[in-house]
Amino acid sequence: MYRVGFGYDNHELKENEELVLGGVKIPSPKGTLAHSDGDALMHAIIDALLGASEQGDIGAHFPDSDPQYKNIASGELLKKTLSLIKGFEIVNLDATIILETPKLNPHFQAIKSNLITILGSGIPINLKAKTNEGQDSLGKGESIQVQVVCLLLKK
């Protein structure tokens, strides 16, 4: 039995904060404002995996009101999520990152490599970078948004 999951995350961008995507620090004058490391890509992946496996969402498992998750690396949250979805195999992930600047394509190989280290080899991971062409807070460089779709197979 196959299951589709959709994940979404959005973070405000601020100067003097780090921009982390897929566990990779991206050089940028602005980064995400968040309780954890603010890795919007991993957060959206977590939500997609939890949704496809009927496990709720990231906030239900890793609430930002819990001090143990303050500044935690989102890779640790993704590893914990994998233990929650043990009855499923990840078939593929497809992610769209919406961010005006910086350009992300040069970082995609490092991001994929890091995700494969956590998720396991052999899982097709597709990354796409989009801008919002100057529209709204995304287009003005005030925020980042990530959308992820995953396909799981029940073991």
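E54 is exposed, with a relative accessible area of 62%. Here buried means under 20% relative accessible area, exposed over 50%, and partly exposed in between, with a 1.4 Å probe and protein chains only. E54 sits in the loop between α1 and α2 (58–61). Its phi is positive, about 55°, although E54 is not a glycine. Helices (H or I, at least four residues) and strands (E, at least two) are DSSP runs, numbered from the N terminus.

The model is predicted: local features need pLDDT of at least 70, side-chain atom pairs count only at pLDDT 80 or more, and totals for chains, interfaces and linings use all residues. Residues are numbered from 1 along each chain as its sequence is written, and side-chain values use heavy atoms, with hydrogens and water left out.

D136 belongs to helix α5 (residues 136–139). Its relative accessible area is 42%, so D136 is partly exposed. The backbone also holds a cis peptide bond between T101 and P102, with omega about 0°. P102 is located in the loop between β5 and α4.

The strands form an open sheet of 5 strands, in the order β4-β1-β7-β5-β6, with mixed pairing. Two strands pair if DSSP finds at least two bridges between them. The edges are β4 (30–32) and β6, each of which pairs on one side only. On average, neighbouring strands of this sheet are turned by 25° against each other, direction ignored. For such angles, axes are lines fitted to C-alpha atoms, for helices over the stretch in contact, and values run from 0 to 180 degrees between N-to-C directions.

Two helices pack on this sheet. Helix α1 touches β1 (2–15), β5, β6 and β7 (143–154), and its direction makes about 155° with that of β1. Helix α4 touches β5 and β6, and its direction makes about 145° with that of β6. Contact means heavy atoms within 4.5 Å.

Strand β5 (residues 88–98) pairs with β6 (residues 125–130) in the parallel sense, over 6 bridges. A95 stands opposite L127 in β6. T96 faces K128. I97 has A129 as its bridge partner. Together, β5, helix α4 (residues 108–119) and β6 make a right-handed β-α-β unit. Right-handed means that, with the strands pointing away from the viewer, the path from the first strand over the helix to the second runs clockwise.

Strand β5 also pairs with β7. These two strands run antiparallel and are joined by 10 bridges. L93 in this pairing has C150 of β7 as its bridge partner.

N92 is a further residue of strand β5. Its relative accessibility is 28%, so N92 counts as partly exposed. Apart from neighbours within four places in sequence, N92 is in contact with I123, P124, V149, C150 and L151.

Two packed helices are described by the angle between their axes and the distance between the axes. Helix α1 (residues 40–52) and helix α3 (residues 74–84) pack at an angle of about 10°, with axes 9 Å apart. The two helices are therefore roughly parallel to each other. Angles under 35 degrees count as roughly parallel, over 145 as roughly antiparallel, 65 to 115 as roughly perpendicular, and the rest as oblique.

On the α1 side, the contact is made by M42, H43, I45, I46, L49 and L50. On the α3 side, S74, G75, L77, L78, T81, L82 and L84 take part. The residues of this contact divide into 9 nonpolar, 4 polar and no charged. Ala, Val, Leu, Ile, Met, Phe, Trp, Tyr, Cys and Pro count as nonpolar, Asp, Glu, Lys and Arg as charged, and the others, Gly among them, as polar.

S74 is one of the α3 residues in this contact. Its relative accessibility is 0%, so S74 counts as buried. Leaving aside neighbours within four places in sequence, S74 is in contact with S36, D37, D39, M42, H43 and I46.
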